[in-house]
Amino acid sequence: MNVLDIIPILGKSSLGHAKIHPQQTLSNLLFRRLYLSIRQHTPWKGTLVLDISNNHNSKDPNIKSDFHSFLLSMGALTEIVINHKRAFVQLYARWLSELGRQPDRLRVIYDKEIGFIEYDIRVEMQKESIVIQIL
């Protein structure tokens, strides 16, 4: 990914939830950091980057279970919701409200050495929640 700028949004926090298929919800994932990576300025193109690579080291069995479920089914991810006021304000005020900017990709880093997975996305802001829909 060619990166022109990186905008930090939020540090270590819990994810609201991630949906795999319509039936399965993962609500115990933690992310190490969330940031916006700008790939191009004109026309504007950006990637939201969610780093969950530290979760496999957790001692909490619920977090380990959800992280393992994510790894097994990451190709079937349909939605991620982040319920964090600061992340909402950072994204909406600084990027999404200005000139209709909309990140078109989500990169989820699940292991620093093995890699990541990328998704085409649409982002919606709903009542202080960031809803990332996988297309």
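Predicted model: local features only at pLDDT ≥ 70, side-chain atom pairs only at ≥ 80, totals over all residues.
Is serine 69 buried or exposed?

View 1. Residues are numbered from 1 along each chain as its sequence is written, and side-chain values use heavy atoms, with hydrogens and water left out. Serine 69 sits in helix H1, residues 61-73 (helices are DSSP runs of H or I with at least four residues, strands are runs of E with at least two, and both are numbered from the N terminus). Serine 69 counts as buried because its relative accessibility is 17% (buried is under 20% relative accessible area, exposed over 50%, partly exposed in between, with a 1.4 Å probe and protein chains only). Setting aside neighbours within four places in sequence, serine 69 is in contact with Ile20, Gln24 and Leu26 (contact means heavy atoms within 4.5 Å).

**View 2. The hairpin of S7 and S8.** S7 (residues 105-111) and S8 (residues 115-126) run antiparallel, joined by six bridges (strands pair if DSSP finds at least two bridges between them). Three residues link S7 to S8 in the hairpin. Aspartate 111 has glycine 115 in S8 as its bridge partner.

**View 3. The hairpin of S8 and S9.** S9 (residues 129-134) runs antiparallel to S8, again with six bridges. Arginine 122 finds its bridge partner in glutamine 133 of S9. Two residues lie between the strands, and lysine 127 takes a positive phi near 40° in this hairpin.

**View 4. Confidence along the chain.** The average pLDDT is 88, and 94% of the residues score at least 70 (pLDDT is the predictor's confidence in each residue, from 0 to 100). Confidence is highest in S7, at 95, and lowest in helix H2 (residues 85-96), at a mean of 78.
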